Amino acid sequence: MRTVLLTAVYYLVVTPWGWCRRRVRDPLARRRRPRAQTYWHFTPGSGPGER
């Protein structure tokens, strides 16, 4: 019985909450940016030619 209840909570509460959250914010920054020159993200000290 507990498994059925947890499954129902997951699909009726957690899944829609995740969908709504992704509609508002893109946590992995996966959206296309047509004007972007590059999609690479450099951190300080890791640019081209630096070791």
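Colleague: What share of the 51 residues in the chain is buried?
Modeller: Buried residues come to 8% of the chain, where buried means under 20% relative accessible area, exposed over 50% and partly exposed in between, with a 1.4 Å probe and protein chains only. This is a predicted model, in which local features need pLDDT of at least 70 and side-chain atom pairs pLDDT 80 or more, while totals for chains, interfaces and linings use all residues. Residues are numbered from 1 along each chain as its sequence is written, and side-chain values use heavy atoms, without hydrogens or water.

Colleague: How many of the 23 residues of α1 are buried?
Modeller: Two, so α1 is hardly covered.

Colleague: Where is the kink in α1 centred?
Modeller: On Y10, with an angle of about 35°, taken between axes fitted to the seven residues ending there and the seven starting there.

Colleague: New topic. How many aromatic pairs are in the whole structure?
Modeller: One. The ring centres of Y10 and Y11 are 5.2 Å apart and the planes are at 90°, so this pair is edge-to-face. Rings of Phe, Tyr and Trp (its six-membered ring) pair with centres within 6.5 Å; planes under 30 degrees apart are stacked, over 60 edge-to-face, and the rest tilted.

Colleague: Are Y10 and Y11 buried or exposed?
Modeller: Y10 is partly exposed at 44% relative accessible area, and Y11 counts as exposed at 54% relative accessibility.

Key: Helix = DSSP H or I, 4+ residues; strand = E, 2+ residues; numbered from the N terminus.
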